[in-house]
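Good morning, and thank you for joining.

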Amino acid sequence: MDMPGHDGHEGHGGGGDGSRPMCAMNMSLNWSTENVCVLFDFWRVNSLTSLAFTCAAVFVLGYFYEYLRAKLRGWELRNASGTGAGALADSTSTLIPRSATSGTNLRRKRAIYYGLMVAYSYSLMLIFMTYNGYLIVAVIGGAIAGHYSYSVDEPGSVRGANCH
């Protein structure tokens with residue numbers, strides 16, 4: 001179908017018009033160090049130096065995710081303790097009934113924090129889905145280090161990672 005103004009695909013990420021090369025879109029595990037885009041077109045791996053900095057940044061993102069999870073868990077437990085919700089069963093099933101929260105402000109904050117953590121975890125998932133082995137190792141390494149640093153030593157504290 002001929003569409004006016006759409007003569008080709010030259011404007012889709014470069015390559016055809018002499019600008020930057022297109023981002024590599026691998027659908028299988030790879031160890032590439034050229035044209036690997038990480039989340040955004042401007043965040044590219046094009047050399048061993050940019051790969052090292054990117055892996056360090058991704059490691060920190062994975063580590064910081066676990067830090068935030070621990071801080072939010074502590075915040076939720078502090079807020080749940082004064083609501084009459086009673087003892088929570090374990091760290092994998094923190095259920096606080098709506099009637100047990102101290103008003104809609106607390107519920108609103110919990111919902112916003114939840115949404116932000118979902119967005120954060122999906123961002124890590126998208127980095128993982130570059131299928132770049134170096135970035136996969138960096139995500140997993142950051143998660144392991146963060147979990148080691150901030151997890152609680154109680155039954156049920158080991159859980160599978162979910163996107164949310």
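Which residue forms a salt bridge with Asp 41? The partner is Arg 44, and the closest N and O atoms are 2.7 Å apart. By a salt bridge I mean a side-chain nitrogen of Lys or Arg within 4 Å of a carboxyl oxygen of Asp or Glu.

A word on the basis of these values. This is a predicted model, in which local features need pLDDT of at least 70 and side-chain atom pairs count only at pLDDT 80 or more, while totals for chains, interfaces and linings use all residues. Residues are numbered from 1 along each chain as its sequence is written, and side-chain values use heavy atoms, leaving out hydrogens and water.

By the salt-bridge rule, the count is three. For accessibility, buried means under 20% relative accessible area, exposed over 50%, and partly exposed in between (1.4 Å probe, protein chains only). Asp 41 is partly exposed at 40%, whereas Arg 44 is buried at 7%.

Next, Arg 69 and Glu 66 form a salt bridge, at 3.7 Å from N to O. Both residues belong to helix H1 (residues 48-81) and lie three residues apart, about one turn of the helix. Helices here are DSSP runs (H or I, at least four residues), numbered from the N terminus. Arg 69 is partly exposed at 31%, and Glu 66 is buried at 9%.

Finally, Arg 110 and Glu 76 meet in a salt bridge, 3.1 Å from N to O. This pair links distant parts of the chain, with Arg 110 in helix H2 (residues 104-128) and Glu 76 in helix H1, 34 residues apart. Arg 110 is partly exposed, at 21% relative accessibility.

Definitions and conventions: Helices (H or I, at least four residues) and strands (E, at least two) are DSSP runs, numbered from the N terminus.
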